[in-house]
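Here is a colleague's note to read beside the model. Please keep the coordinates open while going through the points.

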Amino acid sequence: MYVVLVGLILNFNTTFSSSLPSGSIDSLDAAFHVTQSQQVALPVAVFLVGYVVGPLIFGPLSEHFGRKAGLVLAFGLYTVFTLACSLAPTWPTLLVFRFLVGCGASAPQTITGGMYSDIYPDLLHRGRAVTLLGLTSNVGPLIGPVVAGFSSERDWRWMFWISLIMAVVTWPLLWFMPETRNHDLATTTESKPGDRSRLNMTAVTAVNLKKFLVVGLTRPMRMLLEPLVFSTNLFLAYQYAILFLYFEAYPIIFKGTYGMNSGVAACMLLPIGAGAIAAIFIFLWYDRFLENAKSREKQWSKSEEYRRLPLACLGGPMFAISQFWLAWSAKPSVHWSVPAMSGVAYGIGIDLTYLALQNYLTDAYGVYSASALASSVFTRNILAALLLPFATQPLYRHLGTGWACTLLGILCTLLVPIPFVFIRYGQVLRTHSRFLRQLRQLEHVADSHEGPRILENARSNEDGDVDHGLPML
């Protein structure tokens, strides 16, 4: 429970910081004399570019050298450059510091899923922990602009000071957190045949630095070629990009249409958080429904695809509906609460989709889950980083709120079938996955009497291939 709590607090810290500058656009513009509309979104955009770079390092690093080591290094980077942001003397300096903050901030989203996989072999408990992690991922960015919107009326630096205080308070919790990966790394030839803990890739994690650089750091990118990973990343990347696009679009909509100030306009994001919380209760209800079905030995409940994916089948359409709702209700003749309440449907939709697909990847890829999640973080942040500075202002300026949001809803509708396809063909896709075939081979080795000798040989193998045809992935 302590490890779960620390993971949630770390993730809330870093996601809270991701959207901070979007709530203080006017203050930053005045302080740094920013005049070009494309530059307004850059403090958030470069943070997301850091989110792209960080997972490619910290995800594989946590699989090879331990979860805690990766988190300590990354959160140290995050803390130091959060302080640096509050002291930035120029606009380019602030952007560089925000990029480095983003690099460090990416680790909790990348590593914590793998950390929960370490401590919860039971899929039910793991799924609930990942559910709470998803909640912090979606609520954190919503709270950031609200805090920044009100605190920056005094001084733009206050938003970074608040973020720094939160980070400093979190450090003792991280420092005393146990290493969840130690058990896997410590498993040796003394383990008994059939001990499933050896499945956690003793052979793969016991590698030297050269192998880590050659094999580990490229794994997230190679996993993008997996149909399951690519399709999941495409859907989540689009939803995530829209979330960050909203941080710039909401001020355009609610300040422009209803004359709100920055702090109040940022509060219009809060219904999205309410929807995200509602999604948690739906998720927990489905858990109980699934367990009851298993106890009655319903055939469908035994399928890997039915464990989480039906939630994404509900969440996808809800997400698309919210786009059309906002599109045609944000008018001066319609009370502001009507378009604001579209955020509830949005929050339910994005959370159910995110939680279902992230859990599906974590359950399917097991010890490779950190790399699978790293590839997910990479794709969704690169898309968001590109959309923010170059799409938001032109999109809403040329099309207006109605048609801009309608276009976003249409694009989302095209992605809605993905979880339905997974339910129908997911087992086939998993069967043909190179990485999952490797896991099945390792499971067979770990359960055999020859397993200890093979795994021990893998420790000293310098060519990158494990005995008995087990490739290093």
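Predicted model: local features only at pLDDT ≥ 70, side-chain atom pairs only at ≥ 80, totals over all residues.

1. The core. The largest nonpolar core has 114 residues. Leu-48, Tyr-246, Tyr-365 and Tyr-396 touch the most other members. Helix α13 gives the largest share of this core, 17 residues. In soluble globular proteins, nonpolar side chains tend to be buried together.

2. Tyr-246. Which residues does Tyr-246 touch, once those up to four places away in sequence are set aside? The list is Pro-251, Ile-272, Gln-323, Leu-326, Tyr-346 and Tyr-396. Tyr-396 is also named with Tyr-246 among the core residues that touch the most other members.

3. Cavities. The model has five cavities of 30 Å³ or more. The second largest cavity holds about 50 Å³ of space. Its lining consists of Asn-138, Leu-236, Gln-239, Tyr-240, Ile-350, Tyr-354 and Arg-380. The largest share is three residues, from α13. By class, the lining has four nonpolar residues, two polar and one charged.

4. The second largest pocket. Its volume is about 210 Å³. The lining counts 18 residues, and those nearest the centre are Ser-22, Ile-25, Glu-248, Pro-251 and Lys-255. Elements giving two or more residues are α2 (25–32), α13 and α14 (262–267). Here too α13 gives the largest share, with six residues. Ten lining residues are nonpolar, four polar and four charged. Pro-251 is also a contact of Tyr-246.

5. Lys-255 is partly exposed at 26% relative accessible area. Asp-26 is partly exposed as well, at 44%. Lys-255 is also one of the residues nearest the centre of the second largest pocket.

6. Two further salt bridges. Glu-304 and Arg-307 meet through their side chains at 2.8 Å, N to O. Both residues are buried. Glu-305 pairs with Arg-430, at 2.8 Å, N to O. Glu-305 lies in the loop between α15 and α16 (309–329) and Arg-430 in helix α19 (residues 418–431), so this bridge ties together parts 125 residues apart in sequence. Are Glu-305 and Arg-430 buried or exposed? Glu-305 counts as buried because its relative accessibility is 2%, under the 20% cut-off. Arg-430 is buried too, at 18%.

7. Thr-15. This residue sits in helix α1 (residues 2–18). Thr-15 counts as buried because its relative accessibility is 1%. Beyond four places in sequence, Thr-15 touches Tyr-51, Gln-109, Thr-136, Ser-137, Gly-140 and Pro-141.

8. Ala-293. Its place is in helix α15 (residues 270–295). Ala-293 is buried, with 0% relative accessible area. Neighbours within four places in sequence aside, Ala-293 is in contact with Lys-298, Trp-300 and Ser-301.

Definitions and conventions
Residues numbered from 1 in each chain as written. Heavy atoms only, no water. 1 Å grid on protein atoms, 1.4 Å probe; cavity = no way out; pocket = protein on both sides within 12 Å on 5 of 7 lines; lining within 4 Å. Points joined across faces, edges and corners; volume = space filled by probe spheres on them. Helix = DSSP H or I, 4+ residues; strand = E, 2+ residues; numbered from the N terminus. Nonpolar A, V, L, I, M, F, W, Y, C, P; charged D, E, K, R; others polar. Core = buried A, V, L, I, M, F, W, Y, C linked by side-chain atoms within 4.5 Å. Buried < 20%, exposed > 50% of the residue type's maximum accessible area, 1.4 Å probe, protein only. Contact = heavy atoms within 4.5 Å. Salt bridge = Lys/Arg side-chain N within 4 Å of Asp/Glu carboxyl O.
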